[in-house]
Structure formats: structure tokens, C-alpha cells
Amino acid sequence: MTTAAMTRRRAATGGWEVALLALNVATVIAMAALVWASLLYAKPAINLSGDEQTAQRIFYLHMGCNIGALAGFIVSLTGSIVYLLTRDLDWDRATQAGIEVGTIFGLGTIVTGIFWAKPTWNTYWTWDPRLTTATITVLLYIAYLLFRNGIDNRQTRARFGSIYALFAFLSLPLTYYSARWFRSIHPVVFSGDNPEAQGGFALGATMTQTLFIAAIAFSLLFSSLMIMRWRILRLEDRAAELREEIE
Amino acid sequence: MTDAALISVRDLHKRFGRKPVLRGIDLDVAQGEVVALVGANGAGKTTLMRMICGLAKPDRGEISLGGASLQRAGRELRRYIGLVTHAPLLYDSLSAQENLRFFAALYDLDQPEERIESVLHAVELWARRRDPVRTYSRGMVQRLAIARAVLHSPPVLLLDEPDTGLDQSSSQMLHDLIRRLGASNRAILLSTHNLDRAVEWADSVCLLGNGKIVRREPTGQLNGERLRQIYAEADGTP
Amino acid sequence: MTLTAPSHNPPLSGPQTDLQPASMRTEGGWRAYLRKVAAIAAKDLRAEARAKENLSAMIAFSVLAVVVFGLAFDLRVPRADMVAPGVLWVVLLFAGVLGLNRVFGAEVDRGSLSALLLAPVDRSAIYFGKVIAQMAFMLAMEAFVVPIVLVIFDVNLFSPWILAGLLLGTLGYVSVGTLFAALTASTRARETMLPILLLPVMVPIFVAGVGLTANILDGREFTEFGRWFLILAVYDLVFITIAFLIFDLIWEDA
């Protein structure tokens with residue numbers, strides 16, 4: 001490789017580095033803004049009192065985590081299908097990164113939900129369809145990661161992982177509907193057409209703005225975590241290849 | 001390269017994880033030829049056989065059977081291959097006849113019963129055809145494994161250490177069978193630990209070492225002693 | 001993917017031999033395909049009939065589990081029919097794993113998987129043959145479990161609707177389970193991996209099965225429990241189709 005080509009390459013990577021750094025900085029700022037908005041800026045809900053009023057503020061995190069988990073889900077489903085079609089390992093790494101980041105956000109969704117549910121529904125746990133589906137999704141993610149780690153061959157790992165991810169995710173809509181027909185008490189905050197829902201609250205202007213900030217902050221957080229994890233996986237594979245070449 | 005090469009292997013590479021097993025194998029087996037592969041344990045004999053029958057993918061290189069590329073036409077070529085491995089590839093709880101009937105169905109044989117009868121006679125297991133394979137001796141299992149491999153009359157036969165654990169009479173029977181199969185225009189590749197047998201059974205011997213074919217000797221002027229000498233020499237070379 | 005057997009000009013010349021040459025039927029299309037599916041299923045059923053390893057373990061485990069559940073719930077549950085549907089489906093899911101682990105596990109351990117893969121058979125035919133055999137084992141096991149539930153819990157599950165639900169649910173379970181069994185067969189720790197992979201994907205079958213059984217025991221109308229059949233039927237249809245399309249990918253380098 002000529003020196004000029006090497007410089008060009010360094011400049012190109014440099015561009016990526018700067019973009020990623022900017023994304024990370026934006027994420028930190030947005031998350032800080034979210035903490036301020038959710039704790040101080042958003043006015044209390046008018047129809048709640050006591051513990052329920054306090055717990056209501058967890059909703060901003062809850063919804064944010066949910067966005068991250070959903071994004072991880074979509075990335076990994078796309079990644080597994082595209083990998084099976086193209087056999088490009090970059091897509092397998094996207095699946096893995098999406099699932100790893102999605103697991104963290106999924107656990108965040110469940111944990112924030114549990115703390116919110118105790119004062120509101122007077123129980124930590126219930127077999128509400130969304131909660132059930134979220135829990136099953138996290139279990140599927142963990143099963144996927146355990147399964148991957150048990151396969152030595154890189155190509156087989158990618159192929160079997162993608163097949164499992166595809167099956168796992170296709171079962172989720174059915175899981176949701178079967179759990180929904182079983183029973184439901186989850187509030188549908190944005191449309192409120194579920195008469196059995198408990199714990200819904202009216203959204204004021206400041207609350208809507210805070211929700212908006214939460215959506216942006218968590219989308220940024222998901223993107224930066226996802227991209228960094230994807231790059232690490234890429235470098236790990238590259239390192240393994242180089243080690244092979246040396247030996 | 002002979003024109004009539006049924007098995008043709010070009011520049012075959014395979015590694016397991018970080019360990020290279022085969023690094024550039026070139027091998028031709030012509031119609032009617034019996035080629036023996038010898039080499040130390042772990043030299044890659046089994047890996048090579050598995051790749052020729054399409055059970056493992058090479059990292060690099062080309063395999064063709066009868067001029068057709070295995071990579072491109074693998075599915076169609078499967079019916080032209082017969083394989084014998086260390087494992088008998090049979091079902092213990094079923095009888096010899098049931099095992100062969102099952103494989104006859106998978107290979108879509110035209111007149112399965114006649115074909116099964118003829119191969120069972122050929123390996124002298126006709127009398128025991130109704131007994132479960134579990135009750136067979138090692139030699140009988142191995143003979144049945146060979147019967148299974150030739151059931152669909154494949155032009156390409158891969159025998160991975162077919163002689164392990166065989167008693168004298170079974171071994172003699174296997175030798176006769178290989179002779180007859182070779183004489184009937186098949187291409188036979190067999191691997192063995194026994195150098196005397198390699199010389200006795202094959203038309204030429206290939207020495208596999210360090211992931212390559214180190215030597216290929218016709219067995220015409222060869223005897224076990226001479227082959228052992230070559231083997232020892234080649235073993236020392238890198 | 002095609003259902004027809006490959007018909008083409010053989011690239012290799014036919015051998016002349018004193019062992020008479022075998023001739024193969026290379027035509028036959030889907031009939032040949034079905035013959036091979038049947039041969040694989042029949043082989044598994046015959047081997048099981050001789051060895052009796054698989055089915056007897058499944059039946060012993062399931063009967064034992066029903067008895068243990070009966071004992072565990074005895075004093076704390078006011079009416080047995082409140083837990084019987086859950087017990088039935090939990091027992092089926094867990095006992096089924098014992099059988100599924102052996103579907104390809106037995107072939108891998110014996111090395112006979114190579115012979116199956118080497119045969120000129122579409123991989124999906126292997127899948128369907130295995131699904132049929134495994135269905136037979138599961139149904140045989142259920143033939144023991146349902147009467148045992150009647151005896152232990154005094155809950156009669158012999159209703160045509162419940163039996164139909166069992167059939168559909170078992171089909172979905174086996175069709176996904178067989179594919180996952182193929183995925184785990186040659187990986188490390190396959191015996192523990194299979195249930196971890198399988199159970200979360202089985203939630204729709206489990207919930208629909210329990211919902212259906214409970215609805216029928218409560219004497220509901222078809223208009224109320226019909227939607228559980230919808231879930232089971234959609235599940236079966238979707239996953240059998242995907243399994244058929246994807247099964248070829250599993251052993252592509254093996």
C-alpha cells in the first residue's frame with residue numbers, strides 16, 4: 001500500500017471517528033436534558049397523587065427503554081434475514097449487536113415497569129400481554145446469546161443464530177395476541193380505548209414535551225451503543241482473522 | 001491427469017479453526033483405479049474423504065466427480081458416491097435387511113429386493129439378514145457397512161479405514177470385493193493404517209503428510225518394506 | 001427448492017460389474033419425495049419399536065410429572081380443574097423435549113447422520129420424516145397423559161375439541177422442536193440448550209392450549225374458544241412453512 005493510500009484511508013476512518021464522537025456527545029447532552037426534563041420540567045399529572053404521582057415520572061425512562069428494545073428487535077430481525085440472503089457477516093454482527101443492546105433496554109423496560117406497577121397496580125408482576133411479550137422477548141434474546149456462544153465455527157454461528165432469531169421473532173406477534181386474549185390491564189396511554197386499563201393519566205403540555213425529549217434521547221443512546229458494539233464485534237472478528245493468518 | 005479421472009481434486013485447502021489440516025491437495029483417481037491414502041493420524045485422510053463426498057466444505061480448491069463440480073452440482077452427485085467410514089452408518093436396532101431397505105428407499109432403487117439380496121450374498125451376510133445389527137460382530141458390521149455403500153452401485157467409492165477391526169477372513173473378503181469393484185470401472189479411494197495392505201490392495205499409494213500429498217507411488221515395484229522406508233523418510237521431511 | 005427428484009443425464013458413466021448394476025428411479029416428482037419421507041418416518045418408528053428408549057422415557061417422565069403436580073397442588077388448590085389445563089400443557093412441553101433431543105441426537109451419536117445427508121434426498125424430506133415420527137411419539141405419550149390426568153385430577157379431557165387442540169398444538173410443537181433439535185444436535189451442551197431455545201418460542205402454543213382447555217372445561221361456546229384454534233392453526237401454518245424453506249440451510253456445510 002502506498003503512503004498516499006494509507007493517508008487517504010486514515011482520513012476516511014477519521015471522518016467516521018468524528019461522526020461517532022459527535023453522536024456520542026449528542027447522546028450525553030440529550031440524556032442529561034432528559035433527566036432534567038423528566039424530574040424538574042415536566043409538571044405533575046393532574047389526576048394522580050402520592051406514590052403514583054412520583055412513580056409516574058419513571059414512565060419517561062420506561063418508554064425510552066421500550067424504544068431501544070423495539071429498535072434492537074427491528075435491527076436484529078432485519079440483520080438475520082439479510083444475513084441468510086447475502087451471507088455477509090456484517091449483518092450477523094448487526095443482529096448480535098442489536099440483540100445485546102436490545103437485551104439491556106428490554107431489561108430496563110421490565111425493571112422500570114416493575115417499580116411503576118407496584119404503587120399503581122399494587123403488584124410487581126402481572127401477566128399483562130405487553131409485559132408478557134417483553135419478558136418473553138428478553139428470554140429469547142438471552143437464549144439467542146447463549147446459543148451463539150456454544151457454536152465454534154464462525155459461519156455456522158452466524159447461520160444458526162440467524163435462523164433462531166428469525167423463528168424467535170416470528171413467534172412474538174402470536175405471543176402478544178395469545179397473552180392479550182388471556183387477560184389485560186395495561187394502560188394504553190396514547191389512545192385510552194381499553195376500559196379495563198388501570199393507571200392511565202392525562203398528558204399535559206410539559207409532559208408531552210418531555211416524552212418527545214425521551215424519544216430523541218433514547219434513540220440517540222440506542223444508535224451510539226449499537227454502532228459501537230457493532231464496531232467492536234467487527235474488530236474482534238478481524239483480530240481473529242489476523243491471528244489465523246499469523247499462525 | 002488422466003482423461004478418465006473420476007475423482008479429481010485440485011489445490012484443496014481446509015482448516016479447522018486456526019489449525020490448517022489440508023494445504024493444497026491435488027489428487028486424481030481414474031476409472032477402475034484403486035488408490036490408497038496412508039499417513040499419520042490427524043494427517044487429514046478423513047477430512048479429505050468427507051470433502052470429496054460433500055459432507056464438509058473446502059475453504060479453497062476444486063473437487064469434481066466425473067467432470068462435474070461438486071460445489072455446483074453437489075446434490076445431484078450424491079447418488080454416485082458410496083462411503084464407508086469408521087462409524088458403520090447403520091441402525092443398530094434394525095436388521096441388515098431393514099437397514100438396506102431403508103437406504104434402498106432413499107436412493108430410489110428400482111428393484112430393491114433383488115439388489116439387497118445380491119449385495120448381502122456378496123458380503124456373505126444373507127443367512128443373518130433378519131438379525132438386528134446390534135448382534136453382529138465387528139467384522140460383520142463392517143461388511144454390512146460396505147454392502148450399504150455399494151447398494152446403489154456408485155461409480156465413486158470412498159473407503160475410510162475399511163479394514164479396522166476386521167478379522168482375517170473378513171479382511172480377505174474385503175480385499176476380493178475391492179478387487180472386483182475396481183475391475184468394474186469404479187474409482188476407489190481408500191485409507192488405511194496398514195502399509196502392507198495398502199500395497200496389496202491398491203494400484204497406487206499416496207502418502208499424506210503435512211497437509212499435502214508428499215509422494216504418489218504405483219504399487220507395481222513396491223512392497224510393504226519399501227513403503228515403510230518411504231514413509232519414514234517422508235515423515236522426517238517438513 | 002423443488003419437490004421433484006433431480007432428473008438429468010448422469011455425469012458419471014454407469015459401472016459394469018459382476019455385482020449387478022442397480023438402477024434408480026430418478027423420476028417420480030412428489031411421489032418419490034413422499035416415499036422418502038415415509039421411509040424416514042418408518043425407519044424411526046421401527047427403530048423405536050425395537051429399542052423402546054425414547055418413548056418409554058417420555059411416557060415415564062410425563063406420568064411422573066402429572067403425579068408430582070397432583071401431589072403438589074393437592075391441599076392448596078380448591079378445585080382440580082383450575083390447574084389441570086396448565087398441568088397438561090406444561091407436562092407435554094417438558095416431556096416432549098426428552099424425545100426431541102434424540103431426534104437428531106441419536107443420528108449424530110451413531111454417526112448415521114452422514115449417511116442420511118449423503119443420500120440423494122432433499123433435506124426437507126428428512127425434516128418431514130422426523131416430524132411425522134416425532135408426532136407419533138408425542139401422540140402416544142398423550143394417550144397415556146390424558147387418562148392419568150383423569151385419574152389424578154378427576155378432570156375429564158376426553159372432549160373432541162380438547163383432543164383437536166392437542167393435535168394442533170402438538171403439531172406446532174413438533175414442527176418447531178424438530179428444527180431446533182437439528183440446530184442443537186451438533187453443538188455443545190445440546191441437551192440443556194434445546195429447552196432454553198424452545199420454550200420461549202412455544203409460548204403461543206402453551207397459552208392457546210391452556211386457554212382452550214380451560215374454556216372447554218368451563219363449558220364455553222365455540223364462538224368464545226374458537227380464537228385459540230385460530231392461534232394454533234396460524235402458528236402451525238407459519239412455522240411449518242418457514243421450517244420447510246429454511247431446513248436446507250442447516251447442513252449446507254456439513
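Me: Is F222(C) buried, exposed or partly exposed, and what is its relative accessibility?
Reply: F222(C) has 42% relative accessibility, so it counts as partly exposed. This is a predicted model.

Me: What does F222(C) pair with?
Reply: With F229(C), in a stacked aromatic pair. The ring centres are 6.3 Å apart and the planes are at 25 degrees.

Me: And F229(C), buried or exposed?
Reply: F229(C) is at 11% relative accessibility, so it counts as buried.

Me: How many aromatic pairs are there over all chains?
Reply: The search of the whole structure gives 33. One of them is F147(A) with Y164(A): their centres are 6.2 Å apart and their planes at 65 degrees, so that pair is edge-to-face.

Me: Where do F147(A) and Y164(A) lie?
Reply: F147(A) is in helix α5 of chain A and Y164(A) is in helix α6 of chain A, so the pair ties together parts 17 residues apart in sequence. Both residues are buried.

Me: New topic. What is the strand order in the open sheet of chain B?
Reply: The order is β2-β1-β4-β5, with antiparallel pairing. β2 and β5 of chain B each have a single partner strand, so one side of each has no neighbour in the sheet.

Me: How many bridges join β1 to β4 in chain B?
Reply: Five. R10(B) stands opposite E62(B) of β4(B).

Me: Now chain C. At what angle do α3 and α8 cross?
Reply: At roughly 150 degrees, and their axes come within 8 Å. The crossing of α3(C) and α8(C) is right-handed.

Me: Which classes of residue make that contact between α3(C) and α8(C)?
Reply: There are 10 nonpolar residues, three polar and no charged ones. W89(C) of α3(C) and F206(C) of α8(C) are among them.

Conventions. Residues are numbered from 1 along each chain as its sequence is written. Chains are lettered from A and ligands numbered from 1 in the order in which they are written. This is a predicted model: local features need pLDDT of at least 70, side-chain atom pairs count only at pLDDT 80 or more; totals for chains, interfaces and linings use all residues. Side-chain values use heavy atoms; hydrogens and water are left out. Two strands pair if DSSP finds at least two bridges between them. Helices (H or I, at least four residues) and strands (E, at least two) are DSSP runs, numbered from the N terminus. Axes are lines fitted to C-alpha atoms, for helices over the stretch in contact, and angles run from 0 to 180 degrees between N-to-C directions. A crossing is left-handed if the near helix is turned anticlockwise from the far one by less than a right angle, and right-handed if clockwise. Contact means heavy atoms within 4.5 Å. Ala, Val, Leu, Ile, Met, Phe, Trp, Tyr, Cys and Pro count as nonpolar, Asp, Glu, Lys and Arg as charged, and the others, Gly among them, as polar. Rings of Phe, Tyr and Trp (its six-membered ring) pair if their centres lie within 6.5 Å; planes under 30 degrees apart count as stacked, over 60 as edge-to-face and the rest as tilted. Buried means under 20% relative accessible area, exposed over 50%, partly exposed in between (1.4 Å probe, protein chains only).
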